[in-house]
Amino acid sequence: ADPFAPPIQTNKTEMLRLDGKGRIDTLPLTDKSRGGTWDTIIVDEAAFAEENTIEAILPSRKASGRVFLISTPNGQQGFFYDQWQAAKCRRIFARSVDIPRLKEKVDFDRQFYSDHIFRVEHLCEFLGSGHPLISFDVLERATNHDIGALCLN
């Protein structure tokens, strides 16, 4: 988002020096990413990366380093999902529907995405693969929130 930041391409290996204060290396997430020692590892679209590739680069993190897995959900499987569910990680949850500057994009996508894709991409819901038998919208319209639950003894 910084208009003064130099462009970085992530489809190839690049390095950006930061005035003697360090550097940023961008690497495609492949086995060639191994072998360095990194203060911080950031995996963008982590839910779509192959699990064994993410696990292969984690040993490259310095003992005091951090790992950021950034992604929208991709079903209920894989390394990103497992880490999101784990109590040992810190989760930062940011939905595009809650960001006012993205309203126009969200409204556009709401018109053209299926309910399933919209919920994954904009509501950050970990949905199973495929489409549900009954959509969330149909269930919501069929629900009356004014009637309490029926308790059988």
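In which loop is the place of Ile134? Ile134 sits in the loop between α4 (115–121) and α5 (136–142), where helices (H or I, at least four residues) and strands (E, at least two) are DSSP runs numbered from the N terminus. The model is predicted, with local features needing pLDDT of at least 70 and side-chain atom pairs counting only at pLDDT 80 or more, while totals for chains, interfaces and linings use all residues. Residues are numbered from 1 along each chain as its sequence is written, and side-chain values use heavy atoms, leaving out hydrogens and water.

Ile134 counts as partly exposed because its relative accessibility is 44%, given that buried means under 20% relative accessible area, exposed over 50% and partly exposed in between (1.4 Å probe, protein chains only).

The loop between α4 and α5 also holds Cys124, which is buried, with a relative accessible area of 14%, and whose phi is near 55 degrees, a positive value in a residue other than glycine. Glu45, likewise not a glycine, has a positive phi of about 55 degrees; Glu45 belongs to the loop between β3 (38–44) and α1 (51–57) and, at 38% relative accessibility, counts as partly exposed.

Turning to the aromatic residues, Phe80, Tyr81, Trp84, Phe93 and Phe126 form one aromatic cluster, where rings of Phe, Tyr and Trp (its six-membered ring) pair if their centres lie within 6.5 Å, planes under 30 degrees apart counting as stacked, over 60 as edge-to-face and the rest as tilted. The count comes to six aromatic pairs, among them the tilted pair of Trp84 and Phe93, at 6.2 Å centre to centre with 45 degrees between the planes.
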